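This briefing covers charged side-chain contacts and a metal site. The sequence and structure come first, and the notes follow.

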Amino acid sequence: MLFPPTIAGSLPKPGWLAETEKLWPKWKLEGAALDQAKRDAALIWVKLQEDAGIETVTDGEQFRTHFVHGFLETVEGIDWNLKTKMGIRNNRYVVDVPTVTAKPKRSRPVHRDEAAFCRAHTQKRLKWTLPGPMTICDTLADGHYGRRADMAMAFAEILNEEALELEAAGCDVIQFDEPAFNVFMEDVKDWGIAALDRAARGLKCATAVHICYGYGIEANIQWKQTLGSEWRQYEEIFPAINASAIGQVSLECANSRVPVSLIGLLPDKQLLVGAIDVATDRIETPEQVASVIAEALKHADAERIQPCTNCGLAPLSRAVAEGKLAALGAGAALARKRHG
Ligand code: ZN
């Protein structure tokens with residue numbers, strides 16, 4: 001199928017599971033009841049994605065409160081009580097982050113059983129998202145390594161263990177989320193890609209990297225206003241990404257100031273073209289989604305284009321997210337029809 005839609009990853013949590021319209025929502029249940037509720041929420045979203053025509057579905061991140069800390073919660077070597085105030089994403093927002101005090105070690109598989117659960121309940125392609133090594137390092141304080149590249153490589157090793165287990169559990173795509181790639185462009189070339197390739201080593205399933213301009217939260221909206229009339233961050237890092245072993249690149253295109261022509265710098269990759277804006281509650285029309293695909297077609301073959309969301313839909317209301325999923329599926333179908 002041409003233009004098979006997918007999503008960047010996250011979806012809103014139902015109001016009975018967690019606080020709504022928040023990036024760091026608190027769970028509303030505990031223990032076994034919470035575990036059951038997470039599975040129920042994932043089932044609902046898998047079904048809604050299927051019904052919207054999404055071909056590669058995710059769990060919507062229903063099993064974790066945040067894409068970075070959800071993976072790190074059970075990792076040893078991180079002191080969650082030793083909080084350091086850090087301006088993350090190059091001081092875009094200040095957060096109290098936990099501190100790495102020893103070499104990180106997975107105490108157990110993190111998402112394997114959750115992925116196996118989703119696998120058992122959908123025939124569609126299943127994608128699992130993990131934080132990328134650079135973004136992890138930009139969300140933790142370093143009290144052990146002294147060099148960010150070293151800390152990233154240590155996390156890449158445990159991400160790789162996790163990714164291999166997720167593949168064995170039936171995931172078709174493993175995606176690493178690297179919003180930090182758009183912020184530390186020099187580091188991407190120096191060690192970010194090397195760490196990413198280490199995290200994906202040995203995977204036979206499809207692999208992806210998601211590089212966006214962040215959730216549609218106020219701090220990001222303000223940051224975007226400082227980036228000028230054209231956002232050319234991708235231009236600096238795409239040649240290095242094209243040379244990496246990662247198969248797919250997930251990009252922000254809809255309603256952004258990214259020149260879509262920059263995808264010309266990724267001739268060897270599958271392109272997850274962001275056709276849904278996450279910074280507005282306005283629901284796209286299928287026509288708008290199709291027009292982003294048409295723009296991408298000027299610079300890449302149809303076989304390489306998969307329409308996607310710009311970023312996660314987690315902070316939106318459920319009704320808006322459902323509307324955007326439907327628009328994505330309908331827009332892809334429209335583009336398919338026009339392409340013949
Ligand atoms: Zn994103």
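**Salt bridges and the zinc site**

K298 is exposed, at 59% relative accessibility (buried means under 20% relative accessible area, exposed over 50%, partly exposed in between, with a 1.4 Å probe and protein chains only). The model is predicted: local features need pLDDT of at least 70, side-chain atom pairs count only at pLDDT 80 or more, and totals for chains, interfaces and linings use all residues. Residues are numbered from 1 along each chain as its sequence is written, and side-chain values use heavy atoms, with hydrogens and water left out.

**Salt bridges**

- A salt bridge here is a side-chain nitrogen of Lys or Arg within 4 Å of a carboxyl oxygen of Asp or Glu, and the count by this rule is 23 salt bridges.
- The exposed K298 pairs with E295 in one of these salt bridges, at 2.9 Å from N to O.
- E295 is partly exposed, its relative accessible area being 30%.
- D150 and R147 form another salt bridge, with their closest N and O atoms 2.6 Å apart.
- Both residues of that pair are partly exposed: D150 has a relative accessible area of 33%, and R147 has 48%.
- R106, E161, E162 and E165 are joined in a network of salt bridges.

- K85 and D96 form a salt bridge in which the closest N and O atoms are 3.4 Å apart.
- This pair links distant parts of the chain, 11 residues apart: K85 belongs to strand 2 (residues 75–87) and D96 to strand 3 (residues 93–106).
- Helices (H or I, at least four residues) and strands (E, at least two) are DSSP runs, numbered from the N terminus.
- K85 is exposed at 62% relative accessibility, whereas D96 is partly exposed, with a relative accessible area of 40%.

**Zinc site**

- The zinc ion is coordinated by H210 through NE2, C212 through SG and C311 through SG, at 2.1 to 2.3 Å.
- Along the sequence, the spacing of the donor residues is H-x1-C-x98-C.
- Donors are N, O and S atoms within 2.8 Å of the metal (3.2 Å for Na, K and Ca); water is not among the atoms, so sites may look incomplete.
- H210 is buried, with a relative accessible area of 3%, and C311 is also buried, at 5% relative accessibility.
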